[in-house]
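Me: Could you walk me through this protein, one question at a time? I am new to reading structures.

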Amino acid sequence: MRLFGKTPLIGEDLNDWIIDNFDWVESERPAWWVMAELIRPTREYFHAPGGHDHETALLVFEDMKRQLGTTQPVALEPLPDLPDELLHDYTRMSDTAGQYWDDAETPLITYNPKLMRRPVMFINTLAHELIHARLAPVVDDLPGGAPAHELATDLHAIIAGYGVIQLEAAEQAGWAGYMSQASRAVALAEFLHRKAIAPDDAFPYLSRRPASWLRKALASRKRVR
């Protein structure tokens with residue numbers, strides 16, 4: 001068991017669950033772990049030209065499927081053009097930002113086209129929904145099982161390399177989502193440690209508060225025995 005120092009950012013049970021999920025991926029789906037890298041919102045990872053249309057969304061989607069090694073067919077479609085105020089109803093963000101539908105032969109991801117104005121939030125939405133597709137066959141096998149599925153989806157997006165994007169997207173959206181910013185930061189610190197990635201590779205893409213959470217998580221991790 002790993003424990004944080006005297007002032008842990010998150011509870012012991014939550015910390016253990018995060019660690020157990022990292023361990024599960026490394027042992028049960030090693031190919032996922034090998035391909036995971038720290039994804040940043042740069043041209044190195046996203047090759048679509050500027051634009052807010054569906055064609056641009058599809059180019060981003062294809063980049064992300066390559067990053068995740070997604071080979072199964074997954075369709076992407078925009079939702080009807082919703083009023084701007086719904087993007088600020090954060091209690092409904094999971095409904096209005098994007099959804100994963102797996103009740104047909106080809107799974108479908110839908111997204112709010114207004115998110116295209118906020119690229120980091122858009123990428124984060126697609127990451128969450130694509131991880132739904134990845135985890136669908138193993139929901140019951142993951143630590144925590146089906147009851148923790150939505151929380152696990154956020155966590156496994158971080159394990160897949162989208163931790164910087166998820167931390168920053170939650171800050172831009174003004175809400176936490178399924179994981180708290182503290183637990184995201186702990187998971188990102190674990191990812192950086194296990195991948196031997198320098199924290200300086202992450203900080204330039206985080207605004208002040210997410211960067212502060214990551215610094216706290218890294219400092220707490222150094223106190224782990």
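This is a predicted model: local features need pLDDT of at least 70, side-chain atom pairs count only at pLDDT 80 or more; totals for chains, interfaces and linings use all residues.

Me: How many helices and strands does the protein have, and in what pattern do they follow along the sequence?

Reply: Let's begin with the count: there are eight helices and three strands. Reading along the sequence puts them in order, giving the pattern α-α-α-β-α-β-β-α-α-α-α.

Me: What percentage of the residues in the protein is buried?

Reply: A residue counts as buried when its relative accessible area is under 20%. Taken over the 225 residues of the protein, the buried share is 52%.

Me: Among contacts between residues at least 6 apart in sequence, what share joins residues at least 24 apart?

Reply: Here a contact means heavy atoms within 4.5 Å. Start from the contacts between residues at least 6 apart in sequence, then pick out those whose partners are at least 24 apart; their share is 68%.

Me: Which helix gives the largest share of the lining of the second largest pocket?

Reply: This pocket holds about 320 Å³ of space, and 16 residues line it. Two helices, α3 (54-68) and α5 (119-135), each supply at least two of the lining residues. The largest share is four residues, and the helix giving them is α5.

Me: Which lining residues lie nearest the centre of the second largest pocket?

Reply: The lining as a whole divides into ten nonpolar residues, five polar and one charged. Nearest the centre of the pocket lie Phe46, Ala48, Pro49, Val60 and Pro119.

Notes: Residues are numbered from 1 along each chain as its sequence is written. Side-chain values use heavy atoms; hydrogens and water are left out. On a 1 Å grid over the protein atoms alone, a cavity is a set of points where a 1.4 Å probe fits but cannot get out, and a pocket is an open set with protein on both sides within 12 Å along at least five of seven lines; lining residues have an atom within 4 Å of a point. Grid points are joined across faces, edges and corners, and a volume is the space filled by probe spheres set on the points. Ala, Val, Leu, Ile, Met, Phe, Trp, Tyr, Cys and Pro count as nonpolar, Asp, Glu, Lys and Arg as charged, and the others, Gly among them, as polar. Buried means under 20% relative accessible area, exposed over 50%, partly exposed in between (1.4 Å probe, protein chains only).
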